[in-house]
Amino acid sequence: MIVVAGEALIDLVPQGTGALAGLRPALGGGPYNTAVALARLGSPTAFVSRVSRDAFGEALLDRLRGTGVDVSAVQRGAEPTTLAVASLDGDGSAAYSFYVEGTADRLFAAPDALPAGTRAVSFGTCSLVLEPGASAYEELMRTAASRSLFTALDPNIRSGLIPDADAYRARFKSWLPSVSLLKMSQEDAEWLGGTPHEWLSAGPSAVVITQGGDGLTAFTRDGAVYAVPGEQVDVVDTIGAGDTVNAALLHGLSARDALSPAGPAALGATGWQELLTFAARAAAITCSRPGAEPPYAAELEALGNV
């Protein structure tokens, strides 16, 4: 079982240009998208979060259940669902503004136990910023690491939600001893500062940097660097692409029996090339269609890479 911990929200996606373009609600949130993508790839997956009892919250859970994600550990609340208003630039890249005051997901409380059979826990995005939930997710991360579970972190920076950038950067560094796999975009890496070597020395076995259409690069603790180019595709938008990479990496590591704190560093050149290529292909499929619609296993099997 791979557990994904973090927010579920509604993305409001513009259906045209201009500030007053119509908005289409879409189910989203980085961790939520990661959970959906993992289940579509065939990994046993559970979601740990706090979800509203409003209509949006019910829709979010319905999709998880329909995809086969275990939602038995999801907490519920009467507060409204968080809203994220997306804007798309000319190449389909998305930026967001958020409506988060008094919403359900930020009131998450650390659970007493994780679902049975948990081998890995994935964290990231808004859930590690918005208090009091951020401290609860941080507690869960440290607890999972102390039990020798595999932990994955994608900071997925939303700078508009971070009131004190320096405080967040210091907090990010404090998480690294509890992280097995650190994945982030090139933009996030530049915002956070530091280098893969510095982050690896603090704890993770591997760091993966995504570079959009230019591909992915992995750095491991033994000093090795592995890179693959991006897959060529007509981009509709990039919503959910990074979350698909998260899922593909976790799914691929599980398939290679490498979901242990030291597992990523032991893959070797062939293992990393295969894993990164798989992740790049999965993300390309997501980018080829609107919204966060990650691929199913059969779509990647048709490309000859699983």
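1. Buried means under 20% relative accessible area, exposed over 50%, and partly exposed in between, with a 1.4 Å probe and protein chains only. Strands (E, at least two residues) and helices (H or I, at least four) are DSSP runs, numbered from the N terminus.

2. The model is predicted, so local features need pLDDT of at least 70, side-chain atom pairs count only at pLDDT 80 or more, and totals for chains, interfaces and linings use all residues. Residues are numbered from 1 along each chain as its sequence is written, and side-chain values use heavy atoms, without hydrogens and water.

3. Start with strand β12, residues 206-210. Five of its five residues are buried. Ala-206, Val-208 and Thr-210 point one way, while Val-207 and Ile-209 point the other way. In a regular strand, side chains alternate between the two faces of the sheet.

4. Next, the partners of β12. Strands pair if DSSP finds at least two bridges between them. Strand β11 (residues 181-185) runs parallel to β12, joined by five bridges. Leu-182 has Val-207 as its bridge partner in β12. Strand β13 (residues 216-220) runs antiparallel to β12, also with five bridges. Here Val-208 stands opposite Ala-218.

5. The hairpin of β12 and β13 has five residues between the strands. Gly-212 takes a positive phi near 60° there.

6. Now the helices. The axes of α3 (residues 133-146) and α4 (residues 165-175) come within 11 Å and cross at roughly 20°. Therefore α3 is roughly parallel to α4, a term for angles under 35 degrees. Axes are lines fitted to C-alpha atoms, for helices over the stretch in contact, and angles run from 0 to 180 degrees between N-to-C directions. The contact (heavy atoms within 4.5 Å) includes Met-141 of α3 and Trp-175 of α4.

Key: Angles under 35 degrees count as roughly parallel, over 145 as roughly antiparallel, 65 to 115 as roughly perpendicular and the rest as oblique.
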